[in-house]
Amino acid sequence: MSRTFSTDPELDRRLSRRGMLGVAAGATAAALLGAAATPATAATDADSAAAGRGRPVLPPGRLGIQLYSLRDKVSTLGFAAVFAELEKYGYDEVEFAGYTQGSAGPITLAQLKRLARNHGLNPIGSHVGYYSDDPNAYTFAQNLTKVLDDAQALGLKHIGTASGPFRYGSTVDAWKRAAEEFNTYGAAARARGMKFYQHNHSEEFSFATDNPKVRLYDVLLAETDPDLVFLEMDIFWAYSGQFRFSKRPDGTPAPFDPLDYVLKQPHRYPLFHVKDGVSDPANTYGYRMVDVGDGDIDYQRFISGVTRLRGERLAHHWQAEHDNPAESFTFARRSSEHLHSLREKC
């Protein structure tokens, strides 16, 4: 399905205040990219009217994007062109998935940090591997000091992994052992003024192989120190987990709502991945991934549910993501438009 959304007036005002450096950089990128950076289709009158009602669901200054979604553009055009486009689309933050540009040429961490800031983008976090059999691998388990050194050089406030805690298996004790390691990484990150976090996929919501009444995600929450280990909920994969694991292996019901996890411990979720999907029960994962706004996940409900909590409106960061977008700049632009268009219900 395809939807059209109006531009947020607040976003328009904020973009109009961007410096001339950003405007010039955006124009240069547009010349490089052609049709990929064309303006959004005009909204209908009804859409425009709806956009003006209620407080924006998305808190100001908190829209980011996981750069994995734009890996094709980073590797061919480099970070400068990518950041220029993101600035034009109204993004505030970026989350890294590697610090190199591939064929676009080398770049230092200092240059990368400066480049992001020059385009009004705050480097908020990064994904790094959990462990590897290679002792020289760039992972938390093998090279914790180097991982934290690099994150500190970039000025990151969060440093995490998208690897599940399956290093030692899928038993309760295996996850307790992984949780101990996560606590170690969290303590080391906190000593540097950062937060360590883990990003979920759907399998984290499965059940322990030695105790099928226990959901593994609950073990992770219980066995990690809430002051040291934080979570980045990938909302798409959490709803996929709901689809896949709302029954135990013996068939007994075990329903859960991903939002409830956040509402019970909002301080543990500083980051979110905003990823959309069309419900598809024939799909193994229950959803087909689509651009944000084209799917069935109710982001008005989800984001409002978190940001309406007392003291929580500006406590979280919302990172748009699509694992394999058809056209990555189009995905980034349309996702920003949709999220900025959402209004709280009066």
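Reader: How are α5 and α6 oriented to each other, parallel or perpendicular?
Author: In this predicted model, α5 and α6 are roughly parallel, because their packing angle of about 25° falls under 35 degrees. Their axes are 9 Å apart.

Reader: Which residues are in each helix?
Author: Helix α5 covers residues 79-88 and helix α6 covers residues 109-118.

Reader: And the crossing, left-handed or right-handed?
Author: The α5 and α6 crossing is right-handed.

Reader: Which residues meet there?
Author: From α5, Phe79, Ala80 and Phe83; from α6, Leu112, Leu115 and Ala116. The residues of that contact are 6 nonpolar, no polar and no charged.

Reader: Switching to aromatics. How many pairs are there?
Author: The count is 26 aromatic pairs. In one of them, the rings of Phe140 and Phe196 have centres 5.0 Å apart and planes at 85°. Over 60 degrees counts as edge-to-face, so that is what this pair is.

Reader: Where do Phe140 and Phe196 sit?
Author: Phe140 is in helix α7 (residues 140-153) and Phe196 is in strand β5 (residues 195-199). The pair therefore ties together parts that are 56 residues apart in sequence.

Reader: Is Phe140 buried or exposed?
Author: Buried, at 1% relative accessibility. Phe196 is buried as well, at 0%.

Reader: What about Phe256 and Tyr261?
Author: They form an edge-to-face pair, 6.0 Å centre to centre with 70° between the planes. Both Phe256 and Tyr261 are buried.

Reader: Back to Phe140. Which residues are in its cluster?
Author: Ring pairs link Phe140 with Tyr130, Tyr131, Phe182, Tyr185 and Phe196.

Terms used:
Residues numbered from 1 in each chain as written. Predicted model: local features only at pLDDT ≥ 70, side-chain atom pairs only at ≥ 80, totals over all residues. Heavy atoms only, no water. Axes fitted to C-alpha atoms, helices over the stretch in contact; angles between N-to-C directions. Helix = DSSP H or I, 4+ residues; strand = E, 2+ residues; numbered from the N terminus. Parallel < 35°, antiparallel > 145°, perpendicular 65-115°, else oblique. Left-handed = near helix turned anticlockwise from the far one by under 90°. Contact = heavy atoms within 4.5 Å. Nonpolar A, V, L, I, M, F, W, Y, C, P; charged D, E, K, R; others polar. Phe/Tyr/Trp six-rings, centres within 6.5 Å; stacked < 30°, edge-to-face > 60°. Buried < 20%, exposed > 50% of the residue type's maximum accessible area, 1.4 Å probe, protein only.
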